[in-house]
Amino acid sequence: MSQPDTATLDPPPLHVASRLHAFNRYELKYLVPVEQAAELRDELGERMDRDLNSPVGGYGVWSLYYDSPELRFYWEKIEGLKFRRKLRIRHYGDPAGVTDESPVCVEIKQRVNRVTQKRRITLPYLTARQLCDERELVEHSPKERAFIHEVLDLVVRLNLRPTAMTGYQREALVGRAADTGLRVTFDRRIRGRDRDFHFGQENPENRFTVPPHLSVMEIKVNERTPHWITDLAARRNLSLIRVSKYVQSIEAFGLAPRSAFHLNEADFPPPATPLDTRLPAQDSPVKAGAQ
């Protein structure tokens, strides 16, 4: 199939409304046992609200990551480049029910020094595959033009292809009036696969890429972290950790040598007591657009 010349593509139609969303954040990550995550969630709930997109028990987040045959994006992360990007298609909810019409997000996540930037567009699943897999120009509005062309440039110039899929159950809290822009998420049952990348499969084979008794807690802020959050982290003896779910999947399936970022299960033995049962294991459906 011939590849599009992004410099000579026809102008987009003018009647399509923009579905583009973008935001910048600072992110802090902690690795905590699931049972402690439940305690932290309850304590944070005294000063934060449950995200309207986050039902009791959380919601599923599934991401299909694209990379070059040489794993360019993986190595940019490992080498700690101050500017780096990743391309992914993300679905919120249970992936087994995804159809061609289901909404998904095509997202470019990039790091500029310490700031995490995300730009994404919500598209039907079939359209997202046409853009990222078939490398076709899809219908878009003028406001979406730059983003669509950036995605096309990446997949064509770097020969991007589906490389790894990650999935996990997320619970999310958001800050109240004084803490606008604050968001805390708890991700558990973090797993992935290196094949069978179609979202709509009934029973794909996944593997835990982070020990299942552990949860990744992320604090996300627009500017600075509230002092009461840093006090809580200090009081709970939480330690910052550099962990990437994409990197975990790449290394768990032997696609690249294990790096300093990799979490070895032997280093994080499970607790002697049963895991907290307050956090159900089932994925809950949620609309596209959760963060």
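## Salt bridges: the rule and the count

A salt bridge here is a side-chain nitrogen of Lys or Arg within 4 Å of a carboxyl oxygen of Asp or Glu. Go by that rule and you get 22 salt bridges. Side chains of opposite charge can pair when their charged atoms come close.

A quick word on the ground rules: this is a predicted model, where local features need pLDDT of at least 70 and side-chain atom pairs count only at pLDDT 80 or more, while totals for chains, interfaces and linings use all residues. Residues are numbered from 1 along each chain as its sequence is written, and side-chain values use heavy atoms, with hydrogens and water left out.

## Two long-range pairs

Let's start with Glu 43 and Arg 235, whose closest N and O atoms sit 2.7 Å apart in a salt bridge. This one ties together distant parts of the chain, with Glu 43 in helix 1 (residues 34-44) and Arg 235 in helix 5 (residues 227-235), 192 residues apart. Helices (H or I, at least four residues) and strands (E, at least two) are DSSP runs, numbered from the N terminus. Arg 235 has a relative accessible area of 54%, so it counts as exposed (buried means under 20% relative accessible area, exposed over 50%, partly exposed in between, with a 1.4 Å probe and protein chains only).

Next up, Arg 183 and Asp 51 form a salt bridge at 2.3 Å, N to O. Again the partners come from distant parts of the chain: Arg 183 is in strand 8 (residues 183-193), Asp 51 is in the loop between strand 2 (48-50) and strand 3 (59-67), and they are 132 residues apart. Both ends are tucked away, Arg 183 being buried at 3% relative accessibility and Asp 51 buried at 10%.

Asp 153 is partly exposed at 28% relative accessibility, and Arg 157 is partly exposed at 46%.

## Positive phi without glycine

Leu 71 isn't a glycine, yet its phi is positive, near 60°. Leu 71 lies in the loop between strand 3 and helix 2 (72-79) and is buried, at 10% relative accessible area.

Asn 237, also not a glycine, has a positive phi of about 55°. Asn 237 is in the loop between helix 5 and helix 6 (245-252), and with 66% relative accessibility Asn 237 is exposed.
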